Amino acid sequence: MKKYDDLNKFVKHLSRFVSFFVFLILSFIVLYVLIESVPFIRSEFSRSFVSLSWRPLSTPPSFGILPMLLGTLYVAIFASLIAFPVAVGCAGAISSCFTGKTKHMLLGLIDMLAGIPSVVYGLLGFYILVKPLEKTALMATGESILAAIITLALMIVPYMVSAFAKAFERTNENYQMSAKALGVSQWYSLTHLSLAHCKLDLLSGFLVALSKALGETMAVMMVIGNSPLLPKLLGKGITISSLIALEMGSAKLGSLHYHALYTAGMLLLVLLLSINGLVRLIERRAKK
Amino acid sequence: MLLKKIISLFLAIIFMLGAAGCAGDNKREKNDNAIDPIGQIIITGSPTLGQVLTQLILEFTDEYGTWNRVDPLFPNEPIDIVINGGGSTAGVLAVIDKTASFGLISRNVSEDEKTKLDRFGQSQLGVDALTISVNPHNPILEIQQDLSQDELIKLFSGEFTHWDDLNPALPHEEIVLVTRDIGGGAHEVFQQTIMSEIEVSLNTIQAPSMGALVTKIIDNERAIGYASFGVVNQHEGAIIPLSVQGVTPTKEHILSGDYAISRPILILYNGLLKPQEQALLDLFLSDQGMRIIEARGFIPIR
């Protein structure tokens, strides 16, 4: 038995070490972004951060982040709202209508959807959404907030479905027998039992998908047009992450432009970390 | 006890791996006199030029395979050359940081950037121009094949919003401006030669690459943008360049400087080149290199 004690201890310490390492990496990222954004925050132009005009190379420069921030929130929130009912329906159907192998296969397929690289979704969005939209009389060019919302909604559905399906599954395990014994129909048990019982899980799944949508870069960059304008459904727009991806490669090292992009990154990071914190809080309450 | 042993063994392995990594680096930088193995040669910079050189390097690698076949004095090791994109500025930065041997730059290198290099070295491979291009179905081609600088400024600053603002004979359709990202080399060249003090409108599609910019103009009949001469030649017929101030963007006009919106194609390096790097640079400047630059639509320096 002594042998196993030592092994246990070793595994325990190893996992501690690894999780500490992950924590270290995360804090390094946060710290690095913070340090790189300090020169901008201290500069005389930091006030222009809360404005509408992004002119990083003009004299005097102006670094208004509002169009990007609003664009990010607009696109991510609407995409999540569209994805939510689809995902609830999909998860409900999978968890209550299918059993055994079919269910496993469907869940596997959904997970595979989540694994498709975002650039593929971007290409799909470009050919299936942007080009046909361009042919309509609605807009002069197909790149638009609308195209970004639909592309993103497609991308985050799988995340929501797998979170919701797990939650429904748990309720089923606990209550299915009793529900069946009472002669409750499948539809009634889905709407009145699973949905009612999983409210907090639904909320946390929604938020996880929302944070995924907030940070998504490549697919959005390919369909949104990348113009720092205030977001309008049929107009072009830009998100924080696509701004960073677009301009970081060409921003001169050490320039205010470079540091301002880091500050934009920090804003996004704060947004994501606070949503993640919220998710943890909800999950803890859901367990109680 | 066993636990402690295992942990210390684990740490020792990590340190050893780290030390081995450092040792490798030292060895590579140590002696410049004897011809050492070069390992991987990294080239970073403008993706538009990267595509051109990729073909050249593929031919080079296929022909020789190992360095000692290029020159018997070189060590027997496989030729390993990587081209990264990222843009001209990324290329300059990589050369300054020495994370790349060569930078591919499609604009002039600023004085400020030159001072940051230990030892500034550049070779010009050719010339590219930014053509003001439209879709072949754009009715402007039948009415007015030329744009003055004043008209260009009004187009790109957003003062003209519809095509009939430019010329009443054109339809009342929205002008779709396509540009590159604001900090990039192409934008800088356009800003300096055409716009000078005036800002380019925010209502533009900022394409993440020159290829994407050209694709947008090929797709959209209402689009106008500054497309690279080389890339336009690669898509001949699908995108039509207009003349600017009465000068058409042809090879002769660009080389003579009559066509104003042009930019050099440069290869940038830092300090003394290793023999293998010098061989590569010679390849770029060889007839074979010039031929490929020309075949890809750009104007070779010779």
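Modeller: The account below begins with the basis of the values and the build of one chain, and then turns to the contact between the chains.

This is a predicted model, in which local features need pLDDT of at least 70 and side-chain atom pairs count only at pLDDT 80 or more, while totals for chains, interfaces and linings use all residues. Residues are numbered from 1 along each chain as its sequence is written, chains are lettered from A and ligands numbered from 1 in the order in which they are written, and side-chain values use heavy atoms, with hydrogens and water left out.

Chain A contains ten helices and two strands; these are DSSP runs numbered from the N terminus, helices being H or I of at least four residues and strands E of at least two. Their order from the N terminus is α-β-β-α-α-α-α-α-α-α-α-α. The C-alpha trace of chain A spans about 75 × 65 × 30 Å along its principal axes.

At the interface, 33 residues of chain A are in contact with 33 residues of chain B, contact meaning heavy atoms within 4.5 Å. The two chains bury about 2,900 Å² between them, with 59% of it on carbon and sulfur atoms; buried area is the accessible area (1.4 Å probe) that two parts lose on being put together, summed over both.

Four salt bridges are counted between chain A and chain B, each defined as a side-chain nitrogen of Lys or Arg within 4 Å of a carboxyl oxygen of Asp or Glu. Over all chains the count is 17. A:K131 forms a salt bridge with B:D219, with the closest N and O atoms 3.3 Å apart. Since A:K131 belongs to helix 4 of chain A and B:D219 to helix 10 (residues 210-219) of chain B, the pair joins two chains. Another salt bridge links the side chains of A:R55 and B:E199 (3.3 Å, N to O).

On the side of chain A that touches chain B, the elements giving two or more residues are helix 1 (2-42), strand 1 (54-55), helix 4 (118-135) and helix 9 (240-247). Helix 1 of chain A gives the most, with six residues. By class, this side of chain A has 16 nonpolar, eight polar and nine charged residues; Ala, Val, Leu, Ile, Met, Phe, Trp, Tyr, Cys and Pro count as nonpolar, Asp, Glu, Lys and Arg as charged, and the others, Gly among them, as polar.
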